[in-house]
Every structure is written in C-alpha cells, then in structure tokens.
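Morning, everyone. Let me put the model up, and then I'll walk you through a few parts.

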Amino acid sequence: MRPSDSDTKTPDSETHGGTDDQPYASGRRARDGEDTEADHFLLIEDVGSLRAIYDAYLRNAGFVTHLAASAEEGMRIFRENPIRMVLLDLMLPDRDGDELIAEMLALRPYTAIIAVTADRSIDRAVRAMQEGAIDFLVKPIDEPRFRSAIESARSLSLRADANDANAVEATVGEFIGSAPKMRALYARTRAAARSTAPVYIWGESGTGKELCAHAVHSTSPRADGPFVALDCGALPAERIDSELFGHSRGAFPGALEDKPGALHDADGGTLLLDNIGELAPTAQIKLLRFLQSGQIKPLGASQAIDVNVRIVCAATSSPTALLQSGAIREDLYYRLVVLAIEMPPLRMHRQDIGPLARMALERFASEEDRCFSEIEPEAIARLEDRPWPGNVRELMNVIRATIVMHEGPVLRAHMLPEFDPTMAAAAAPAAQAADPFANRTLAEIERAAIEAAIDRHDGSIPRAALELGVAPSTIYRKRDAWLSKD
C-alpha cells in the first residue's frame, strides 16, 4: 500500500464532504443504507498520501470514514462521533499516538484500535498492545495484512452490539471497580478473550493477575473448557517437565503410573503459567515446541499427543523487563507476549477502594461469623489515604484482620491497624527489581535505553541507532544535551 505520485495530496484537499472546521471528517459512505455505529472508522495519520490510501480502501469496504492529521484533532472527532474503530499512527506531530489509546478506551471501552508505525521496535508494539490496541501494523503495510486487521476490527465492532453497549460499564469475571483504569482493563480483557493468541498479564504483587486470567478464560469461547493454573516458581526444575508435559509409567524412578501434565489437563481450555520468568530453560524449549506444533510428548512416551490449549502467562515484570532480564528465551518471548495486559496497582484507582472494602467486609464477616454490616465514611477515607504496596491483597488482609479483632456492626476508623511505613519501603526495591522502569522519569528511561544500546554495540552509535530504530543524529543530539546538563 505504498503511495504513488498521484496519491500525494495536501491536507487542505482532503475535505471529503467535511466542513471548514472539520476538514478531515468525511462522514461519507460507500454503500447505500442508514449509518450504524459499527460503520464509523477514524483514521489518525499525519501523512496526507497515506490518509488518502487508507480512506479510499475503507470507504470501498463500506465504512464511514473520519480523517484527522493530529492527536488533538483525532480526539475531538472521536468525542463528537460514534467511532467504533480507529487506525492510529503512533508518530503524530503533537503527541505520541499510543497516549491516545488509553484515553479512547476510557471513553468507549469497546473501541477496536489498530496501531500503525514505521518504528520496528518491539517495545513500541508491546506498549501499544498494553494500552489496549487489538493489532499492530508496521509501515509500509501490505494489503493482505491491512485487510486482515480491518476485518478483525469489523468483527469486534459488530460483536459490540446493544448487549455489549449496555455491559461496557460492567466488570468482567470477579473484578470490582469502575475507575477509568479498571474500565480500560475490562476492555482489554474482553478484547483478549475474543482472540486465540497467548496473553501476558503483568503487574505488581496483589493486583489480581490470576483473577484476570480467569476473566479472560470465562469470557472466551473456551469458557466451557478447563482452566488450569501452574506456578512455574513453585516447582523444582526436575519436576517442571513432568508437571507441564506429563510422564508415562516407568519414565523415571518413582513413576509408578501415567500422569497427564497441565497441558493435557487444559485441553480445550486455558493454561495459566504463573511466574513465567522462573520456568526452567529445558521446559522453555519444550514449551516453544508445543506452541509451534500444538503437540506434547510426555516423558517416556513414544508418540506425541495433539492438545488444543490457550496459554496465558503472568509475572510481575513488564514485557520489556522480562526480555531484558534474560529470564526467558527470546524466541519463546515473541511467542508468548502477543497480547499484554497490565494490572493497575491499587494506588492508581483509589476510587475503587470503598467498593472493594465493602465487598471484603461482607465476605469476611460471613466467613468469620462476625456481625459487621457497614464501614463508616472515616474508615473509608483512611483506607483511601494508604499507599497499599501490597495492593488489593493487602486491602483484603487488613479488612479481614479488623473484622476478626473487633465487634460490629460498624467498622470504624479507629479499628483499622496502623500503617507500617517500613512495609512500603521494603516493597519498593522489589518493585524496582521486577520492573527497572519503576519510579523513573521518561527522560531517565530513554537515556538508560540509549546508553545500554550503545554499550551492547561496543560504543557504535550507528549500530545502536539501528537497533533502536532512530537516526544516529538523534542519539548524537541527545548525548550532547546530556553532557551539557551533567
């Protein structure tokens, strides 16, 4: 889909029936009939020739197209029109396009967003998918790949019917919360559930990664199949192969009978591999082979077995940190990290602390046979002021301990245990180790990434620039700026 000379137009010529104050919104349709929300497609692309190509293709496919050349204009059109699908260039003149993904999904969680960039960096793709994009295209886009992405977006949009529209504010699975961060999480979870691709769920301890994995499974076509969870960090290396792939009787001393592994048990359903970064290297090779072939061979077995399993992984490390740590093979990484879902820490959605605390009160009062029925506002305010390094799990523990140690029926502020600041201090190094980008500014992260790339290439800035997908002059300019400040 490379532009030809005839495709080069100035933005001013791309009115397509729009008004002067909205020059890129065509509102035009290629087929007869009444517009529906599922027909509206927003293109945000600052290169006029590419806008024209994408616009012509989409209008020929029957969409109502709205065109924008900047992030600001794109968000205005998105707010003012019933947009259900977006083709979003990540390199825009006024803002990075990936910043728009979360904003759009917070407004309409069912929006199908396709990210487009000329940057081939995997970090860019991962970040866009983390924010909630359903697909990622690299320029120049070939037509079959473009058509496939558009059809996927159309399919998701058509499924977002009246029932979905009524449900967008509802939670998924057993989650509780209505903050924008959580609504965006629900949208990403629903989008991931519709896919068959592997999912990587990451976030701080206690944020609900396994709960998210359950939600992906329970809202997917595999919901009637089994859900199996295996903690890769809880088993010694010598047992992980047997637990994951199974073994036959006599495969090793003590193997007195056939044992189906987790992949076999999850056939037709979903397998959660928790703490994936701790999976033994030998098991990683076999897991890669399974992802390539769809077959497993239990230890001691003579023949391979076909199994149909969707893999969901969980870890505290971000996708980038997982890869850079060397804990997982690079080829396996690219097989597993297709769809990424980040779990927001509790401090990022404090408005949900009250509903979570009330849910915990009802649950634990019943389990502990205690007479508690409500929480006073002062207690909720005190809970909202805490930093919660242990996230939702820590909140649940605090509510339970309070119920056990006091009499009801009202949970009052003075009943809550005092917060120990040393707990937060102890959690900070662990969070930093899990994600080296934690508590660092964007400028600091950028500098660290560039300097690390230069070190990897023995000081060669051109080779580092090639790896990072930027011009060498960009690195030279940034280094000069750093030197002037140091």
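I'll take the overall numbers, then a sheet, then some side chains.

First, the ground rules. This is a predicted model: local features need pLDDT of at least 70, side-chain atom pairs count only at pLDDT 80 or more, and totals for chains, interfaces and linings use all residues. Residues are numbered from 1 along each chain as its sequence is written, and side-chain values use heavy atoms, with hydrogens and water left out.

Overall numbers. The protein chain has 20 helices and 15 strands. Those are DSSP runs numbered from the N terminus: helices are H or I with at least four residues, strands are E with at least two. Of its 486 residues, 47% count as buried. Buried means under 20% relative accessible area, exposed means over 50%, and partly exposed is in between, with a 1.4 Å probe and protein chains only. Now contacts, meaning heavy atoms within 4.5 Å. Take those with a separation of 6 or more: 69% join residues 24 or more positions apart.

Next, the sheet. It is open, with five strands in the order E8-E9-E12-E7-E13 and parallel pairing. Pairing requires that DSSP finds at least two bridges between two strands. At the edges sit E8 (227-231) and E13 (339-342), each pairing on one side only. From one strand to the next, the twist averages 20°. For angles, axes are lines fitted to C-alpha atoms, for helices over the stretch in contact, and values run from 0 to 180 degrees between N-to-C directions.

E8 pairs with E9 (residues 270-274) over five bridges, in the parallel sense. Phenylalanine 227 stands opposite threonine 270 there. E8 has two faces: Val228 and Leu230 are on the covered one, while Phe227, Ala229 and Asp231 are on the uncovered one.

Tryptophan 202 stands opposite glutamate 342 in E13. Helix H7 (residues 180-194) lies across E7, E12 (310-315) and E13, at about 155° to E13.

On to the aromatics. How many aromatic pairs does a search of the whole structure find? Five. Rings of Phe, Tyr and Trp (its six-membered ring) pair if their centres lie within 6.5 Å; planes under 30 degrees apart are stacked, over 60 edge-to-face, and the rest tilted. Tyrosine 54 and phenylalanine 146 are stacked, because their ring centres are 5.5 Å apart and their planes are at 20°. Tyrosine 54 is in helix H1 (residues 48-60) and phenylalanine 146 in helix H5 (residues 143-159), so this pair ties together parts 92 residues apart in sequence. Tyrosine 54 is buried at 3% relative accessibility, and phenylalanine 146 is buried at 0%. Ring pairs link Tyr54, Tyr57 and Phe146 into a cluster.

One more ring item. The charged end of arginine 108 sits over the ring of phenylalanine 78, 4.4 Å from its centre. The test is CZ of Arg or NZ of Lys within 6 Å of the ring centre and within 35 degrees of the ring normal.

Last stop, serine 242. It is in helix H9 (residues 237-245). Serine 242 is buried, with a relative accessible area of 7%. Its side chain makes a polar contact of 2.6 Å with that of histidine 247. Such a contact is a pair of N or O atoms within 3.5 Å; within protein, one must be able to donate a hydrogen and the other to accept it, and residues adjacent in sequence count only if both atoms are side-chain atoms.
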